Amino acid sequence: MTFRFFCLALLIYSCVSATAGGCSGSKETGDNDGALDTRRLPRAEEVREVFASPASTIYLARESVEKTIAQVGQKFAEAGWQPYASPVAAQADKVNMRIASYKRQSQAVTVFITVAPAQRRQASVQYAAVKLPFDLPFPPDGTNIEYDPNRPQLSCLTAQPVEKSLEHFDVELARLGWSVWLPKPGATRVKDGTATAYYVRDGAAPLELKLTHGEDDMTQVTIKSVPAETLIKESEEP
């Protein structure tokens, strides 16, 4: 495989997967509207840029795949990006290839790193903007994050106690247009170190949030979409 063909293959991949911002080099736009511009994302030590647009950017890094993925992870973390994994898709974990996903506020990006052919084992790095059909807020200190923006679904750990975590999600989900739903006025959502909360938004299935305080002093966070009938059953509970 020639290097030119390799870059073309990556570009085609980015046009298919990066649905946020389009894939046109002649009509590039900035990020004044809040859209992600991959050209402005942190980079590992690079040799040269191969292609750049708001939706996708490809460049050659100086180091190997292993060292480059570490550099990218550090750079993204310093810029406030949080790594997450898909709860439904298998993660690539090969010597010559790495795939990682990062999210910051309402923006997300997939990083694809592999060996560039005929480039002395240097890494080729591609950033592809990710469209979020359903944005869910991450705890600022969230770890072991698994997130699927299509279902939607979120699972992670936080060091914040249950009550503080509940306040965080009330505020952040309200910012995204979700409202707290209570089965009865004044209903208790926190009991015995756990919390269950529901959120509603026009045109979307309800969200169920569960918070559980574990023996390791960490709080397990789980958010998932539930049928509307779930709220009916909850309101009928004595």
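What is the mean pLDDT of the protein, and what percentage of its residues reach 70 or more? The model is predicted; its mean pLDDT is 84, and 81% of the residues reach 70 or more.

**Confidence**
- Over residues 1-33, pLDDT stays under 50.
- For this stretch the model has 51 contacts beyond four places in sequence.
- Where pLDDT is low, the predicted coordinates should not be read in detail.

**The protein as a whole**
- Four helices and 14 strands are present in the protein.
- Of the 238 residues, 41% are buried.
- Among contacts between residues at least 6 apart in sequence, 53% join residues at least 24 apart.
- The accessible surface is about 12900 Å², and carbon and sulfur atoms account for 51% of that surface.

**Helix α2**
- Helix α2 covers residues 65-78, which is 14 residues.
- From its first C-alpha to its last, α2 reaches 20 Å, close to the 20 Å expected at 1.5 Å a residue.
- The buried residues in α2 are Val65, Thr68, Ile69, Gln71, Val72 and Phe76.
- These residues lie on the same side of α2 because they cover an arc of only 160 degrees around the axis.
- An α-helix has 3.6 residues a turn, so residues three or four places apart point the same way.
- The buried residues of α2 pack against the strands β2 (56-61), β5 (97-104), β6 (107-115) and β7 (123-130).
- On the face turned away from the buried side, α2 carries the exposed residues Lys67, Gln74, Ala77 and Glu78.
- Gly80 follows α2 and has a positive phi, near 90 degrees.

Definitions and conventions: Residues numbered from 1 in each chain as written. Predicted model: local features only at pLDDT ≥ 70, side-chain atom pairs only at ≥ 80, totals over all residues. Heavy atoms only, no water. Helix = DSSP H or I, 4+ residues; strand = E, 2+ residues; numbered from the N terminus. Buried < 20%, exposed > 50% of the residue type's maximum accessible area, 1.4 Å probe, protein only. Contact = heavy atoms within 4.5 Å. Areas by Shrake-Rupley, 256 points an atom, 1.4 Å probe, with all protein chains shown as cover. pLDDT = per-residue confidence, 0-100. Expected span 1.5 Å × (residues − 1). Arc of directions from axis to C-beta.
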